[in-house]
Amino acid sequence: MTPGMLFAILARLRALRQRERWERARLLAYQSQALARTRTHACAHSPFYRRFHRGLERAPLAALPVLTKAALMEQFDEVVTDRAVRLADLETYLDGRPVEPLFRGRYRVCATSGSSGHRGIFLFDQGEWAAVIASFARAREWAGLRIDLTHQVKTAVVASITPWHMSSMVAATGRSWWMPELRLPASAPLETIVARLNMWQPELLVAYASMGHILADEQQAGRLHISPRRIMLSSEVLTDAARRAITGVWGHVLFNQYGATETGAIAAECTAHHGLHVFEDHVLVEVVDAAHRPVPLGTYGAKLLVTTLFSRTVPLIRYELSDSVRMSAALCPAGRPFGLISGIQGRAEDILALPGVHGDTVRVHPLVFHNVMDRVSASGWQIVQMPDGLRVLVTGLPEDQDTMELGRAFEQALAEQLVASLPVRIERVSTIPKASSGKAPLIKALHPEPLAEKAAP
Ligand SMILES: [Zn+2]
């Protein structure tokens with residue numbers, strides 16, 4: 001990391017710390033000024049927004065149209081405010097090897113998985129990236145891990161190692177600075193993860209929520225022996241069952257955070273553990289129903305609309321995330337001025353329990369399947385566990401994609417998990433079946449583990 005970058009992150013972090021002590025009225029005034037600057041910049045420099053918001057330049061935020069990921073990616077070249085950036089060049093850059101650290105020597109590029117239909121690509125210049133890193137740093141500080149140059153926290157991260165995944169990009173920035181870090185792919189065999197964690201003995205463990213649950217079970221079973229001071233979970237819905245398992249073995253060390261590739265951290269748990277405070281000076285959120293109407297406090301919305309107050313290269317104004325969030329009217333006993341999320345319902349994915357090569361049962365993390373599907377450009381997929389194997393339903397798979405080859409990729413990935421050989425059948429379908437909830441689960445276990453009401457931290 002360059003000294004300029006370090007300086008930019010520390011400056012951002014100092015500003016975030018100051019705003020945490022503000023009164024709510026002052027915070028909201030700041031937010032509304034930051035929103036006005038964001039909108040003015042977008043309309044001045046993005047042909048897309050000039051058109052999208054025409055006649056609405058003075059309208060309240062809630063009157064503006066909603067931006068979906070599909071619309072954003074279709075009109076990307078017009079959305080981006082740097083007129084020299086082209087989506088086609090970005091695609092080439094992302095598919096290229098070896099990986100250049102910066103696109104055009106200037107932008108960090110993060111991509112979201114294509115599993116939800118469209119691959120999303122997001123660019124961050126130095127200032128924007130500093131804002132993203134500072135947002136994650138704030139979440140860590142709230143967990144009691146103050147960030148400065150003299151105190152490092154021995155960290156283990158069990159997450160995606162796909163280089164374009166935001167967690168990898170954030171890690172690449174942080175590694176050299178605030179944390180000596182062990183990074184393990186969540187898709188590695190559990191035995192390996194457990195052995196490496198036992199050797200490393202992290203003070204801070206960062207993981208996907210479902211992996212946190214799996215590791216708590218390993219500790220309970222006597223195979224894992226670590227005593228982290230803090231555990232930070234993200235990227236997935238944290239179930240009550242996972243929270244209970246983790247608290248049961250390690251005590252009250254758990255801090256949940258919520259974020260997205262598009263935004264950086266959106267919200268995090270404070271030491272009062274009464275929910276997740278929204279970083280309202282970093283991103284503005286609106287909880288809405290399926291028709292994009294606001295829902296009252298205490299009610300789950302169907303979507304979350306986010307407006308990133310720090311973005312200039314790819315402005316996101318009323319950008320739709322498919323997470324269902326419930327806000328609370330509760331105030332923070334520690335005096336933070338931010339609104340509170342009291343529940344998040346995301347896409348909880350089943351963990352498949354499959355027979356292992358040693359006659360045991362292997363629990364396969366969803367990321368193993370994501371890693372395989374991220375390599376093909378399908379528009380949707382679903383894995384269904386059958387008594388005698390797995391069915392993989394795929395939509396929008398290119399004609400020239402060999403389904404046998406895809407099946408072998410699954411078998412290979414499962415073999416690496418020490419799963420006993422089992423047939424994987426790839427099926428081209430026109431639509432993915434939805435559950436009674438209206439959501440299309442990506443992974444359907446034969447006997448799903450009972451999951452309690454989700455994420456009421
Ligand atoms: Zn609080």
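The model is predicted: local features need pLDDT of at least 70, side-chain atom pairs count only at pLDDT 80 or more, and totals for chains, interfaces and linings use all residues. Residues are numbered from 1 along each chain as its sequence is written.

**Figure 1. Overall composition of the chain.** The chain contains 13 helices and 20 strands (DSSP runs numbered from the N terminus, helices being H or I of at least four residues and strands E of at least two). Among contacts with a separation of 6 or more, 67% join residues 24 or more positions apart; a contact requires C-beta atoms, placed from the backbone, to lie within 7 Å.

**Figure 2. The crossing of helices α1 and α7.** Helix α1 (residues 3-19) and helix α7 (residues 126-142) cross at roughly 55 degrees, and their axes come within 8 Å (axes are lines fitted to C-alpha atoms, for helices over the stretch in contact, with angles running from 0 to 180 degrees between N-to-C directions). The two helices are therefore oblique to each other (under 35 degrees counts as roughly parallel, over 145 as roughly antiparallel, 65 to 115 as roughly perpendicular, and the rest as oblique). The crossing of α1 and α7 is right-handed; this applies if the near helix is turned clockwise from the far one by less than a right angle, and left-handed applies if anticlockwise. From α1, Met-5, Ala-8, Ile-9, Arg-12, Leu-13 and Leu-16 meet Gln-126, Gly-127, Ala-130, Ala-131, Ile-133, Ala-134, Ala-137 and Arg-138 of α7. By class, the residues of this contact are 10 nonpolar, 2 polar and 2 charged (Ala, Val, Leu, Ile, Met, Phe, Trp, Tyr, Cys and Pro count as nonpolar, Asp, Glu, Lys and Arg as charged, and the others, Gly among them, as polar). Gly-4 also belongs to helix α1 and counts as exposed, with 10 C-beta neighbours inside 10 Å. The C-alpha atoms of Gly-4 and Gly-127 are 10.0 Å apart, although 123 residues separate the two in sequence.

**Figure 3. The buried side of helix α9.** In helix α9 (residues 190-200), the buried residues are Leu-190, Ile-193, Val-194 and Leu-197. They lie on the same side of α9 because they cover an arc of only 95 degrees around its axis, the arc being that of the directions from the helix axis to the C-beta atoms. An α-helix has 3.6 residues a turn, so residues three or four places apart point the same way. The buried residues of α9 pack against β3 (155-159), β4 (181-185) and α10. Just after α9, Gln-201 adopts a positive phi of about 50 degrees.

**Figure 4. The packing of helices α10 and α11.** The axes of helix α10 (residues 209-220) and helix α11 (residues 240-250) are 9 Å apart, and the helices pack at an angle of about 40 degrees. Helices α10 and α11 are therefore oblique to each other, and α10 passes α11 in a left-handed crossing. The contact brings Ala-209, Ser-210, Gly-212, His-213, Ala-216, Asp-217, Gln-219 and Gln-220 of α10 to Ala-241, Ala-242, Ala-245, Ile-246, Gly-248 and Val-249 of α11. Its residues comprise 7 nonpolar, 6 polar and 1 charged.

**Figure 5. The surroundings of Phe-255.** Phe-255 lies in strand β7 (residues 254-260). With 25 C-beta neighbours inside 10 Å, Phe-255 counts as buried. Beyond its neighbours within four places in sequence, Phe-255 is in contact with Trp-142, Ala-143, Arg-230, Met-232, Ala-268 and Glu-269. Phe-255 and Ala-143 are 112 residues apart in sequence, with a C-alpha to C-alpha distance of 6.2 Å.

**Figure 6. Loop residues.** Most residues other than glycine have a negative phi, and most peptide bonds are trans. His-273, in the loop between β8 (264-269) and β9 (276-278), has a positive phi near 50 degrees. This residue is partly exposed, with 13 C-beta neighbours inside 10 Å. Leu-418, in the loop between α13 (403-416) and β19 (424-428), has a positive phi near 65 degrees. Leu-418 is partly exposed, with 17 other C-beta atoms within 10 Å. Thr-299 occupies the loop between β10 (283-288) and β11 (303-308) and counts as exposed, with 11 C-beta neighbours inside 10 Å. The C-alpha atoms of Thr-299 and Ser-324 are separated by 9.7 Å, and the two residues are 25 apart along the chain.

Key. Two residues are in contact if their C-beta atoms, placed from the backbone, lie within 7 Å. A residue is buried if 20 or more other C-beta atoms lie within 10 Å of its own, exposed if 12 or fewer, and partly exposed in between; C-beta atoms are placed from the backbone.
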